[in-house]
Amino acid sequence: MRTSYVPLLVFLVIIRVLGLAHGAATLSMNFYQKSCPEAEAIIKKVTWAHVSSNPQLPAKFLRLQAHDCFVRGCDASVLLDSPPNAQEKDKAEKDAPPNKHLAGYDVIELAKAQLEKTCPGVVSCADIVALASRDSVSFQFHRSLWEVPTGRRDGTVSLQQEALAQLPDPSSNFTTLQKNFADKGININDLVVLSGAHTLGVGHCFLFKNRLYNFTGKGDTDPSIDPTYAELLKKKCLNQRDFKTTIDMDESPLTFDNNYYKILKQNKGMFTGDATLLTNPEASKIVDKMLDSKTFFTEFAQSMQRFGAIGVLTGDEGQIRKKCNVVNA
Ligand code: HEM
Ligand SMILES: *[C@@H]1O[C@H](CO)[C@@H](O)[C@H](O)[C@H]1NC(C)=O
Ligand SMILES: *[C@@H]1O[C@H](CO)[C@@H](O)[C@H](O)[C@H]1NC(C)=O
């Protein structure tokens, strides 16, 4: 019995060595178990400490991870600062308008500083983003909502133009959204399930005001919005040149649940990109499935694992940044 495993073991070792030689390792659970056993506990502790005094933070971290993974994969490129006095073409992702309201950078940096003290040069910023996102959303449940395989490495490039070109636009129709996601290897099911993240947080009036005041350029309202909801939004988003006011995504913007799908079915989705999920028969069927809370939680956990693995750098690719906002000198 015992000897029959030997060829298999030899085979596995060869595969592993070849894989590492080509930088082609994959993510794995507890990647830091030997190199930094406290890593995940430190990240969770810092995250939970900040979420407990700032209940908006889970929305910020979840969106931060989404915007990281959408551009150049989950490589923490969104955390890099633009070079000093950068020209427009050299500016970093973070300065692209769709990233203007991202937040949580300071907490990521605090976790990183603590990790650098405990085990310098070991834990990537990309893994901190993925873990902080999971831990922040999980805080209210006192247990981890999804697994986060680790071993991501940090990228060295961050370009505003790439963020502008690749981040999905909230006024997109279904075809465009589906293509945005397909470009990242993510299917319709993941698109609908991950959109459920919009159960958390807020959206700015100026990003959906055309749905209220000038949908087809004739001073009209998007007929697909529930009329009562449209009136309510108009009362809150009074001024078309208001770039400040934000509206809660749903009635419980601090609670992670499947309420997004319930309001979507009532035509109370905030952005065209939300409402449009009902326009495709396949997507609409998935929306209906997500009305079951247990199904949503199971599916969200699976989709986040696929999402968190988009375009990751592993093995000897990229680097482990010392500070998350700058590449190593
Ligand atoms: C389907 C394509 C998507 C589009 C078009 C989209 C668009 C947007 C927009 C326009 C906002 C409002 C930002 C603001 O007004 O400041 C927003 C907020 C948010 N998005 Fe998405 N998003 C998409 C997918 C996702 C995904 C995949 C996730 C995470 C898994 C996510 C998580 C969030 C969260 C948590 C917020 C609230 C942020 C806050 O409160 O600060 N979104 N999204
Ligand atoms: C969706 O939007 C894209 C880009 O704006 C456009 O080219 C396309 O015709 C639209 N598709 C549908 C079905 O409306
Ligand atoms: C409504 O949209 C049309 C076409 O895009 C534009 O010409 C017009 O100025 C807009 N009206 C307002 C009040 O913004």
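Reply: Let's start with a term: a polar contact is a pair of N or O atoms within 3.5 Å (within protein, one must be able to donate a hydrogen and the other to accept it, and residues adjacent in sequence count only if both atoms are side-chain atoms). Residues are numbered from 1 along each chain as its sequence is written, while chains are lettered from A and ligands numbered from 1 in the order in which they are written. The model is predicted, with local features needing pLDDT of at least 70, side-chain atom pairs counting only at pLDDT 80 or more, and totals for chains, interfaces and linings using all residues; side-chain values use heavy atoms, with hydrogens and water left out.

N214, G217 and Q240 surround ligand 3, where a residue counts as near if one of its heavy atoms lies within 4 Å. In the side chain of N214, an N or O atom is 2.4 Å from an oxygen atom of ligand 3. On its own, ligand 3 has 360 Å² of accessible area, and the protein covers 27% of that (the areas come from the Shrake-Rupley method with a 1.4 Å probe; for residues, only the protein chains shown count as cover).

Now move to ligand 1, which has 24 residues around it, the closest being K60, H198, G201, V202 and H204. K60 uses its side chain, with an N or O atom 2.5 Å from an oxygen atom of ligand 1. H204 uses its backbone instead, with an N or O atom 2.6 Å from an oxygen atom of ligand 1. H198 has a polar side-chain atom 2.9 Å from a nitrogen atom of the ligand. H198 also reaches the iron atom of ligand 1: its NE2 atom, at 2.1 Å, is the only protein donor. Donors are N, O and S atoms within 2.8 Å of the metal (3.2 Å for Na, K and Ca), and with water not among the atoms, sites may look incomplete.

Next come the charged side chains. Side chains of opposite charge can pair when their charged atoms come close. There are 12 salt bridges in the structure, each a side-chain nitrogen of Lys or Arg within 4 Å of a carboxyl oxygen of Asp or Glu. One of them joins K94 and D81, at 2.4 Å from N to O. Both partners are in the loop between α3 (57-70) and α4 (105-118), 13 residues apart. K94 counts as buried because its relative accessible area is 17%, whereas D81, at 35%, is partly exposed. Here buried means under 20%, exposed over 50% and partly exposed in between (1.4 Å probe, protein chains only).

K89 and D90 form another salt bridge, with their closest N and O atoms 3.3 Å apart. D90 is partly exposed because its relative accessibility is 32%.

A further pair, E231 and K234, meets at 3.7 Å, N to O. Both residues belong to helix α10 (227-236), 3 residues apart, which is about one turn of the helix. E231 has 43% relative accessibility, so it counts as partly exposed.

K34 counts as exposed because its relative accessibility is 81%.

How values were computed: Helices (H or I, at least four residues) and strands (E, at least two) are DSSP runs, numbered from the N terminus.
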